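Have a look at the model below.

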Amino acid sequence: MYVVAQHTIKDSQAAFTRGQRLIKGQGAPSGTRALQFYPSTDRSAVTCLWEAESVADVQEYVDVTLGDSSENTCYDVDAGQAFADRPLGLPATAA
């Protein structure tokens, strides 16, 4: 499944430093990986697309990794209403 994580950044220096672990997948649950990373130009918000087995896997991973530097909201993508079945340029997967 695909999961969106929306991050409201409270401490940009800490969040972006800690976020490198997310991008690299360090400590990620099995089957969970970051696919896309979209920071706002002012670094106050970030939207990420994940591939994971559950929303809970992503939510717990980003909450623990980012700590109090970010408020995180995660939700599953409604594939039936999405504009594409996967992000442009990525191969099809078993997700």
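In this predicted model, the sulfur of C48 has its closest cysteine sulfur in C74, 9.0 Å away, which is too far for a bond. A disulfide here would need the two sulfur atoms within 2.5 Å, so C74, whose nearest cysteine sulfur is that of C48 at 9.0 Å, is in no disulfide. The disulfide count comes to zero. C48 is buried, at 8% relative accessible area, and C74 is buried too, at 12%.

Now for helix α2, which covers residues 55-66. With twelve residues, α2 runs 16 Å from its first C-alpha to its last, close to the 16 Å expected at 1.5 Å a residue. Which residues of α2 are buried? They are V58, Y61, V62, T65 and L66. Looking down the axis of α2, you find these buried residues within an arc of 100°, so they line one face of the helix. An α-helix has 3.6 residues a turn, so residues three or four places apart point the same way. On the face of α2 turned away from the buried side sit the exposed residues A56, E60 and V64. And what do the buried residues of α2 pack against? Their partners are β1 (2-9), α1 (12-24), β3 (45-51) and β4.

T65 belongs to α2 and counts as buried at 10% relative accessibility. The side chain of T65 reaches back to the backbone oxygen of Y61, at 2.8 Å. Setting aside residues up to four places away in sequence, T65 touches R18, R21 and L22.

D68 then lies in the loop between α2 and β4 (70-76). Is D68 buried or exposed? D68 is exposed, with a relative accessible area of 66%. Even so, D68 is in contact with K10 and R18, leaving aside neighbours within four places in sequence. D68 and A15 are 53 residues apart in sequence, yet their C-alpha atoms are 8.6 Å apart in space.

Here are the accessibility values side by side:

| Residue | Relative accessible area | Class |
|---|---|---|
| C48 | 8% | buried |
| T65 | 10% | buried |
| C74 | 12% | buried |
| D68 | 66% | exposed |

How values were computed. Residues are numbered from 1 along each chain as its sequence is written. This is a predicted model: local features need pLDDT of at least 70, side-chain atom pairs count only at pLDDT 80 or more; totals for chains, interfaces and linings use all residues. Side-chain values use heavy atoms; hydrogens and water are left out. Helices (H or I, at least four residues) and strands (E, at least two) are DSSP runs, numbered from the N terminus. Buried means under 20% relative accessible area, exposed over 50%, partly exposed in between (1.4 Å probe, protein chains only). A polar contact is a pair of N or O atoms within 3.5 Å; within protein, one must be able to donate a hydrogen and the other to accept it, and residues adjacent in sequence count only if both atoms are side-chain atoms. Contact means heavy atoms within 4.5 Å. The expected span of a helix is 1.5 Å times one less than its number of residues. The arc is that of the directions from the helix axis to the C-beta atoms.
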